Amino acid sequence: MQTTRRSLLGGALAFAGAAVTGAPMVRGQAKPRVVVIGGGAGGATAARYIAKDSKGAVDVTLVEEGQTYQTCFFSNLYLGGFRSYESIVHRYDRLASEHGIRLAQQRAARIDRDKKTVLLADGSILPYDRLVVAPGIDLKYDSVPGWSREAEDLMPHAWKPGRQTQLLKARLDAVPDGGLIVMVAPPNPYRCPPGPYERVSMMAHVLKATGRTKCKIIIVDPKDRFSKMGLFQEGWEAHYPGMVEWLAPSVHDGIKSVDPKTNTVVTGFETYQAALVNVIPAQMAGAIAREAGLAGASGYCAIDPASMKSAVDPNVFVLGDACVAGDMPKSAFSANSQAKVAAMTIRAELTDSRAFPARYANTCWSLIETDDGVKVGGRYEPTPEKIKEVEGFVSKTGESKELRKQTYEESIGWYAGITADIFG
Amino acid sequence: MRNTKKATILLAAMAVDAGSSGIVSGATPPPPIARVIEGDRALGEYLSGECVTCHQLSGNYDGIPSIVGWPAPWLVEAMNDFKAHKRANPVMQTIAGRYSAEEIAALAVYFESLMKQPPR
């Protein structure tokens, strides 16, 4: 192993400090230790950037239960038949082989913020100097009356990638011509704001492409408006006339209940008997973050906009869908962007590398029909109150076919880019 | 200690100040001024985090052009064109619009210093 001047110096200083002040043993480690919980767009990016840029000066452990990672982003394109399932599955091997990140393929059971340790499901304990918490979302199984964890195979959510995504595709493929699909859309704030509506587009694409044009998709939405609303509604009318109907709360008068056994959805206005019901429930930060006391009443974790540090613990950083990121949406692009600010801050604190001002970016692409891609995005900067959007853009209605095709091709390039940036 | 590569970049920028924006009869527009800016590679490396979400560090092309190994003046010109909305992509216009000349120079020096990686 290469011994760097930094680690020798850091170790000597830490040892001297411990001797004088009686600081905890962890301070006497030659290398500062970072533990990252969650191997998604936020966590894996943070682990990779800390390890890559510190060149061995920081000991990085990535705690992730799954052996592979299925991206939620682009899972709609798998549903629509534009990508294989294999193409959205990624491995962690290169994070270990190229950057020396330790992989703990374990569930993180508990965080002890006083002792600065993470307890894993197998009983082992990881001490940390800095902790990155990026668990993504948990579903609120009690947010839709009649729906539950036990019912998630009958009325799939497919809002956490993996088996549920494949189940939803199988169920979509089995819908007969003339069958009704009902999507119960989620309330804000939730993972991937345009996601439900891109999903509806992909469902309609599959139905149309397989000649099932008598099918109908009804979106029962608890929101009055949604991301890229004008673009999706224009696209649905152009590509799937009569197949997609979006109902605002003022129209459906509330989602009263669902019955997973009979596939019915009851609103204040009507009872729907469906061939397939896709329930996307309300969401909150992953349990490990909430149980560590990092989340507020909203169910998500407040952060310092300039660093991504938890608002309640300066040794902990919360990234991605689990945090309250001001004007930034809950997206993989956002999580990846936040991870780079956290990684830069952590390196500066632990190795005295240069610190730079935080800056954030996001773009969300959505596919409405073959070669009809749209996008929304922005740049963000920290203010004392929140991460604030300083400039934004969104595709326009009535754009040319050529531009929409370019936008779709750009999204393919982005997927290749961001997955290489996350997983190496 | 990392050896920080520095390079100087010539930026042709229109001289813009309060006096030049007013149109005065018979006045000739001010000539372009050349600014010499030292590219700060370490700053460029940090800022590049935003670029490599889409532009692959390997130099691979999957729908978004590679910028790895570009001569610094190319990147400066491209970013200035996006900044001035002479090039059309709204993602790039938004990104370039927020960068200072120093930051663009830093990015240009950083990407120039990189080599394309062989395909995996």
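How many cavities of 30 Å³ or more does a search of the whole structure find? The search finds four. A cavity here is a set of points on a 1 Å grid, over the protein atoms alone, where a 1.4 Å probe fits but cannot get out.

This is a predicted model, in which local features need pLDDT of at least 70, side-chain atom pairs count only at pLDDT 80 or more, and totals for chains, interfaces and linings use all residues. Residues are numbered from 1 along each chain as its sequence is written, chains are lettered from A in the order in which they are written, and side-chain values use heavy atoms, without hydrogens and water.

Start where the chains meet. In chain A, 36 residues are in contact (heavy atoms within 4.5 Å) with 26 residues of chain B. Phe356(A), Arg359(A) and Arg379(A) supply 24% of the area that chain A buries against chain B. Buried area is the accessible area (1.4 Å probe) that two parts lose on being put together, summed over both.

Charges meet here too. The rule finds four salt bridges across the interface (a side-chain nitrogen of Lys or Arg within 4 Å of a carboxyl oxygen of Asp or Glu). Glu381(A) pairs with Arg98(B), with the closest N and O atoms 3.2 Å apart.

Now return to the cavities.

How values were computed: 1 Å grid on protein atoms, 1.4 Å probe; cavity = no way out; pocket = protein on both sides within 12 Å on 5 of 7 lines; lining within 4 Å. Points joined across faces, edges and corners; volume = space filled by probe spheres on them.
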